[in-house]
Amino acid sequence: MHIAVCMKQVPDSAQIRVHPVTNTIMRQGVPTIINPYDLFALEEALRLRDKFGGEVTVLTMGPPMAEDSLRKALTFGADRAVLLTDRFFAGSDTLATSFALSAALEKIAAEFGETPIVFTGKQTIDGDTAQVGPGIAKRLGLNQLTYVSRIAEVDQAGQTITVERRAEGGVQLLQTRLPVLITMLEGTNEIRRGSLADAYRAASAKLVSWNAADAGIVDLAKCGLRGSPTIVKKVFAPQARAEAARMLAVEDGAEAVMTEIFVRQPALEAELMRFASGQ
Amino acid sequence: MIEEKFDAIVVGAGASGNACAYTMAKLGLKVLQLERGEYPGSKNVQGAILYADALEKIIPDFRDDAPLERHIVEQRQWTMTDSAHVGMHFRSEEFNEDRPNRYTIVRAQFDKWFSRKVREAGVTLLCETTVTELLRNNSGAVIGVRTDRADGVAFANIVVLAEGVNGLVGQRAGLRDVVTPESVALAVKEMHFLPREVIEERFNLKGNEGVVIEAMGTITKGMTGTAFLYTNAESISVGIGCLVSDFQGTGQTPYGLLEAFKNHPSIKSLLAGSECKEYAAHLIPEGGYKAIPQLYGDGWLVVGDAGQFVNAVHREGSNLAMTTGRIAGETIAWLKVRRDAATAANLSEYQRRLDASFVMKDLKKYKNIPDFLHKSGAHLFGLYPRLIAQAAQTWFRVDGKDKRAKESEIIKSFTRSRSLSGLLGDAFKLARAWR
Ligand SMILES: Cc1cc2nc3c(=O)[nH]c(=O)nc-3n(C[C@H](O)[C@H](O)[C@H](O)COP(=O)(O)OP(=O)(O)OC[C@H]3O[C@@H](n4cnc5c(N)ncnc54)[C@H](O)[C@@H]3O)c2cc1C
């Protein structure tokens, strides 16, 4: 079975510094890592490969230095790494990202074989949207299984997959037809340590590197900043506040809670009213 | 297991390992480098002063893209008491030269850069891979390494131990003794962030100029050790270290010393308003010439801190690491060209080349200093700083006392605290050790 895993290289959020004077994020010197959620997806893919045979291809869209993350994925035991990199992709939001990744996934299927299972992490630690996985599923017409905590069974002959999915109030046991897109939940497995041969192969491997044209993308208007309707208005470091969280002794429901809040935060009420009236 | 056999395996990606791997790769050798850290530099600690000369001999145009913080234009040597410091400062416009001689660096960034050069030269580097054991053949010659990864065996004609001060791999293989508490210092350091302009104003700097403060005195509470403060571009490195045996003997803690040093009135104002973002601790070999272990044998040799190559008097370490790494690399490549095997007999060429270099000459020159410091430490790091500060205080205070009386007061303060023969004895011993 050929399995694709989409990963992202992200700044290590544990090591991001906020400039003491300008209050902006200091990116310089902040180490980058594989988005931690993606490692659960990668490990799950490697386990399926070990069980059923086949290959795992990791895909990332990013600047050339995202190569580091791909090599790391190879160190863990992935078989092939594809870097999707082009200045046309700069400034992509989740819509543009899922567009570009979908194109690359189609190309991967064409070049290296169909991928009945595509994995992504649950979300990224720098964007936190959890939109890219479902976006890919929609674009490629894959059944989507989000927040998966366990893969119970893959029936290759019957072309079905059964998984456990964590949902509010319990665990769902879901079965669907392949091909699927799975977003893995964190804490569901632990990324392995590759062998010495894996590490050596990773260090000396030649990566597949595609630009937009290589990935068969014609419509550049759907890429990067141009293809991204999301607008970031402002990035700021929140000021530390003096007041602490408080428990309110209110019995009867949401309305009373809101009243309590508005008593303490009159400005908020005005703001919400403005927002509600569409001004 | 890695199927291919290498010309050399280098254990460690610090200054010495990088210098050695780079040199060999540039001379056409097939090199595998193994580093236990997540990335090169993640485990390495240094003040850090970079001495240009040693690196220039390896990468002549390193200034083009190496992450250098500031070049040093001013050196301050301080003798400190709890409330004062007596300083000797040397600042020269001539340090603003085209190819400055000393720079401050941040090791984590510098090592990453150096490692990139090493990989570009053709070395295969595997991180997060710890060498656990040397592999030997029936006659005892080293033929490869075992690592902590699954199927973790790799083979080479020679293994270069660039594993740093602890030398655990060499020690486990019985190639060297355990490092003793008397021969290593434990140093702690912090990085304090400050805006560029504040650093420049505070230390009277412009552009990329930098200042170094090296300090000794009662700040180490009678223990053998020194403290430092270096200006980086947007941060200050501050640290202190003492012999491990002294820490053991006194029960003092390294962080306690550092806290006191940072709060010393002469230092505190230099750090005011800064934000501490990094805390590190590391050992430094201080045993000097007499502590150098056997440096080579059948199929192996040692470079850098693992060989105790640190000149504690001049606070030089990374340059000795790079130089021994380079010389080892050149020797190994030279043997390959001659089709000579990496036997102990042939590798004695390494020792010969080292002996002819400044590395061994300097270490030999100071071979008695560690003993001297060990025996006279209490006076050097307690009594004398106090006397010197007291003398300065007496000398500079204008209080109606005549100058001759002041002179004799100063002299008396010295002879009262330490007999004349004691003073002369210390001076004589120091002179002899220094020779
Ligand atoms: C606080 C402090 C300040 C200093 N200041 C200065 C200064 O200003 N100027 C100066 O020139 N020198 C200074 N030094 C000394 C200098 O840092 C060292 O001399 C130099 O780093 C030695 O280089 P090395 O390559 O031998 O060892 P290291 O830089 O220690 O590198 C050894 C490497 O080997 C790796 N390793 C160890 N064991 C294994 C294993 N089994 N398998 C795989 N990898 C392994 C380690 O992770 C490490 O990366 C300072 C040292 C300290 C502690």
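This is a predicted model: local features need pLDDT of at least 70, side-chain atom pairs count only at pLDDT 80 or more; totals for chains, interfaces and linings use all residues.
Which backbone N or O atom lies 3.0 Å from an oxygen atom of the ligand? The atom belongs to B:A15.

Residues are numbered from 1 along each chain as its sequence is written, chains are lettered from A and ligands numbered from 1 in the order in which they are written, and side-chain values use heavy atoms, with hydrogens and water left out.

**The ligand**

The shell around the ligand holds 38 residues, and B:S16, B:E35, B:R107, B:D305 and B:S318 come nearest. Here a residue is near a molecule or strand if one of its heavy atoms lies within 4 Å of it.

| Residue | Part of the residue | Distance to a ligand oxygen atom |
|---|---|---|
| B:A15 | backbone N or O atom | 3.0 Å |
| B:E35 | polar side-chain atom | 2.6 Å |
| B:I49 | polar backbone atom | 2.8 Å |

Taken alone, the ligand exposes 1,000 Å², and the protein buries 96% of that. Accessible areas come from the Shrake-Rupley method with a 1.4 Å probe; for residues, only the protein chains shown count as cover.

In chain B, the elements that give two or more residues to the shell are α1 (15–26), β3 (49–51), β15 and α9 (318–337). Helices (H or I, at least four residues) and strands (E, at least two) are DSSP runs, numbered from the N terminus. By class, the shell has 17 nonpolar, 14 polar and seven charged residues. Ala, Val, Leu, Ile, Met, Phe, Trp, Tyr, Cys and Pro count as nonpolar, Asp, Glu, Lys and Arg as charged, and the others, Gly among them, as polar.

**The contact between the chains**

Chain B gives 26 residues to the contact and chain A gives 15 residues, where contact means heavy atoms within 4.5 Å. The size of an interface is often given as the accessible area lost when the parts come together. Between chain B and chain A the buried area is about 1,600 Å², and carbon and sulfur atoms give 58% of it. Buried area is the accessible area (1.4 Å probe) that two parts lose on being put together, summed over both.

Side chains of opposite charge can pair when their charged atoms come close. A salt bridge is a side-chain nitrogen of Lys or Arg within 4 Å of a carboxyl oxygen of Asp or Glu. The structure holds 44 salt bridges over all chains, and the rule finds three across the interface of chain B and chain A. In one of them, B:D148 pairs with A:R193, with the closest N and O atoms 3.4 Å apart. B:D148 lies in the loop between β9 (142–147) and β10 of chain B, and A:R193 in the loop between β12 (180–184) and α5 (196–204) of chain A, so the pair joins two chains.

**Backbone details**

Two cis peptide bonds can be described here. One joins A:L178 and A:P179, with omega about 0 degrees, and A:P179 is in the loop between β11 (170–177) and β12 of chain A. Another joins B:G47 and B:A48, with omega about 20 degrees, and B:A48 is in the loop between β2 (31–34) and β3 of chain B.

A:A130 is a residue other than glycine with a positive phi, near 65 degrees. A:A130 lies in the loop between β8 (117–121) and α4 (132–140) of chain A. Phi of A:Y147 is also positive, near 55 degrees, and A:Y147 is found in strand β9 (residues 143–155) of chain A.

Key. A polar contact is a pair of N or O atoms within 3.5 Å; within protein, one must be able to donate a hydrogen and the other to accept it, and residues adjacent in sequence count only if both atoms are side-chain atoms.
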